[in-house]
Structure formats: C-alpha cells, structure tokens
Amino acid sequence: MKKKKCPQCKNLILKTSPTCLYCGRPNKFITKEYVNKKWNNDNNKYGIDHIFINKYLVFVLFLIFTIVIIIFSK
C-alpha cells in the first residue's frame with residue numbers, strides 16, 4: 001500500500017484511509033455521495049431487497065401465510 005504524509009501531523013498514513021490515525025484529520029474530502037457509495041457497497045450484499053423485487057411482496061406473503069394458519073388451525 002502506498003503511504004503519504006499527513007499535512008497536519010506529518011505522520012505516514014495510507015492513501016486509502018479516510019482519516020489520519022494520529023490526529024484525526026480527514027484524508028479525503030468526504031461528501032454525501034462518497035459515504036452513500038461506501039455504505040451501499042458494503043450493506044447491499046446480503047439485503048432482503050435482492051431476493052424480492054418488491055418490498056411489499058414480503059408483507060403480503062406473510063399476511064396470507066398467517067391468515068391461512070389461523071383458518072386451518074380451527
């Protein structure tokens with residue numbers, strides 16, 4: 001990994017790190033788009049949205065399933 005000097009404390013930090021480990025100065029200008037891009041890449045891998053196309057489909061299936069269980073349990 002390539003390293004660079006922090007402009008504030010002059011310690012070596014990785015170029016890919018978002019902040020300096022020693023003084024906490026941001027390494028990159030962090031924007032809302034940058035945060036959303038990082039967040040969505042990490043958390044969308046195992047989301048339930050990828051299994052079902054529509055979020056309401058899960059709710060409707062669950063509702064039908066509970067109604068069927070209630071009807072046939074009597």
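Colleague: What should I know about where the numbers come from?

Modeller: This is a predicted model: local features need pLDDT of at least 70, side-chain atom pairs count only at pLDDT 80 or more, and totals for chains, interfaces and linings use all residues. Residues are numbered from 1 along each chain as its sequence is written, and side-chain values use heavy atoms, with hydrogens and water left out.

Colleague: What is the mean pLDDT?

Modeller: The mean pLDDT of the protein is 78, and 74% of its residues reach 70 or more. pLDDT is the predictor's confidence in each residue, from 0 to 100.

Colleague: Which elements have the lowest and highest mean pLDDT?

Modeller: Helix H1, residues 32-43, has the lowest, at 68. Strand S2, residues 12-14, has the highest, at 90.

Colleague: And how many helices and strands are there?

Modeller: Two helices and two strands. Their order from the N terminus is β-β-α-α. Helices (H or I, at least four residues) and strands (E, at least two) are DSSP runs, numbered from the N terminus.

Colleague: Back to Phe59. Where is it?

Modeller: Phe59 sits in helix H2, residues 55-72. It belongs to a nonpolar surface patch of about 790 Å². Val60, Leu63, Ile64, Ile67, Val68, Ile71 and Phe72 make up the rest of that patch.

Colleague: What counts as a patch?

Modeller: Patches are made of residues with over 30% relative accessible area and no salt bridge; like charges are joined within 9 Å, nonpolar side chains (Val, Leu, Ile, Met, Phe, Trp, Tyr) within 5 Å. A salt bridge is a side-chain nitrogen of Lys or Arg within 4 Å of a carboxyl oxygen of Asp or Glu.

Colleague: Is Ser17 buried or exposed?

Modeller: Ser17 is buried, with a relative accessible area of 14%. It lies in the loop between S2 and H1.

Colleague: What does Cys23 touch?

Modeller: Cys6, Gln8 and Cys9, leaving out residues up to four places away in sequence. Contact means heavy atoms within 4.5 Å. Cys23 is in the loop between S2 and H1, and is partly exposed at 33% relative accessible area. Its C-alpha is 7.7 Å from that of Gln8, 15 residues apart in sequence.

Colleague: What about the phi of Lys10?

Modeller: Lys10 has a positive phi of about 65°, although it is not a glycine. Most residues other than glycine have a negative phi. Lys10 is in the loop between strand S1 (3-5) and S2, and is exposed at 52% relative accessibility.

Notes. Buried < 20%, exposed > 50% of the residue type's maximum accessible area, 1.4 Å probe, protein only. Areas by Shrake-Rupley, 256 points an atom, 1.4 Å probe, with all protein chains shown as cover.
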